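I record each item as I read it.

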Amino acid sequence: MSGFPKGFLWGGATAANQFEGAWDVDGKGMSVFDISTGGTKDTPRRWTPVLEEGTVYPNHDGIDFYHHYKEDIALFAEMGFTTFRMSIAWPRIYPTGLESEPNEAGLAFYDKVFDELNKYGIEPLVTIYHFETPLELLKRGGWLNREMIDHYEKFAKTVLDRYKDKVKYWLTINEINMFMTPFGGAMAAGIFEEAHPDHGTGGVLFTPEMRYQCEHNLLVASAKAVAYCHEKYPELKIGSMVAYHPIYPLSGDPADQLAALEAMEMGSYLPSDVHVRGKYPSFAKAYFKNHNIDIKMQPGDEEILLKGKVDFYSFSYYSTRAVTTHEGEDNRNPYLKANDWGWQIDPVGLRIALRTLTDRYEIPLFVVENGLGALDTVEEDGSIHDPYRIDYMRQHIIEMKKAIEEGVDLMGYTMWGPIDLVSAGTGEMRKRYGFIYVDKHDDGTGTMARSRKDSFFWYQKVCKSNGEDLD
């Protein structure tokens, strides 16, 4: 095979909490992100259970896709998208997560979005849950609470039933391995000190045992959604989604090689092995035993995981990092450059990832996040020149093409994010990813006007040539 196959899906990826806005419109309840302030790469965002007067909560407005969806989808169609990845805001469907009946106004909004995408021939790729934990469920313990499985299952069944004729491709849970990280404590797992004073934040007090317990509950929830989809709607395709950041040994020291292997096993392969193979891998069981981690499983959990094997593996890829066992050594990879936020740029790493995952899982792959957060400048004439973004994307697409020629079964590519949106990690607007500029700023000001960057016209050529025109 030479080049991208016919039917390859080209598009972009977003998340409801980062771009949808309309945080309290049409019956939507509050999510964990609605109590999150803005921040910077040097100043962490805060989570305030009580909204503070005068404080900017950037996710409240996002970029107001809720009221601009027709304009935005038209721009995606102009670029030549054949797919668009988005998520469904859980509290827009179940405002607190506890309701027995869904919010019809919320369901109707996504009907309109899917109908608009269909008008242009754009295939939706829908993430059921992209960290939009209903605030009420967070107060009840977040993903540490086993009850979350039932609440998620109800939500997943509702949206699968509603949109089965409009959405073919589904993802269960975004970057499910982020729930095992200290960073994921508040943002992903819905665990932070103010809501959980006995457990603490996504820091020291958010213990490894708590993280892996959250992960187990999520894996069971995901498997239930997959099994339901397969039973009721076998014509649909449902996949996993993992944050995949390859880790290299910094040196030729075997100890560094072992450290890199163990970091990949527990950081990336644990959840995806469960997703694809339907059971916990032996290295995870050994790790739990050796670190005195007791994961509370209920009878039947193993059977649920076995029934919940996914149809395809999707992942985010932004950068790689290196590890070393040598104290005092700088673990930055000396062969790679970094962006303004310190993420090391490694296009070849994506090719390595694709080949590694193909050999490990032997199912179709989908790159559903890949992009460059950067500082963009609007010129006096309104133009936005972003050659750095074009170069980043070009190099990664070249490596994807090589991987396909080397035997990788790759379904598609949805870069993050095709339109500027609120950064998940920092809450900033100035960290921009999009091909489309949005006039919104960190202080909350701006007109929300959309404008095309140079990269818009470049990606248009990529999409319409099926990845052949990269100039």
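Helices (H or I, at least four residues) and strands (E, at least two) are DSSP runs, numbered from the N terminus. The model is predicted.

Entry on Ser319. I located Ser319 in the loop between strand E7 (312–316) and strand E8 (321–323).

Entry on Glu136. I found Glu136 in helix H6, which covers residues 135–139. With a relative accessible area of 32%, Glu136 is partly exposed. Residues up to four places away in sequence again set aside, Glu136 touches Thr96 and Leu98. I also looked up Asp301, 165 residues from Glu136 along the chain; the C-alpha atoms of the two are separated by 26 Å.

Entry on strand E3. I noted that E3 comprises residues 123–129 and is mostly covered, with six of its seven residues buried. Which strands pair with E3? Strand E2 (residues 83–87) pairs with E3 in the parallel sense over five bridges, and Ser87 stands opposite Thr127 in E3. Strand E4 (residues 169–173) also pairs with E3 in the parallel sense, over four bridges. In that pairing, I recorded Tyr129 opposite Ile173 in E4.

Definitions and conventions. Residues are numbered from 1 along each chain as its sequence is written. This is a predicted model: local features need pLDDT of at least 70, side-chain atom pairs count only at pLDDT 80 or more; totals for chains, interfaces and linings use all residues. Side-chain values use heavy atoms; hydrogens and water are left out. Buried means under 20% relative accessible area, exposed over 50%, partly exposed in between (1.4 Å probe, protein chains only). Contact means heavy atoms within 4.5 Å. Two strands pair if DSSP finds at least two bridges between them.
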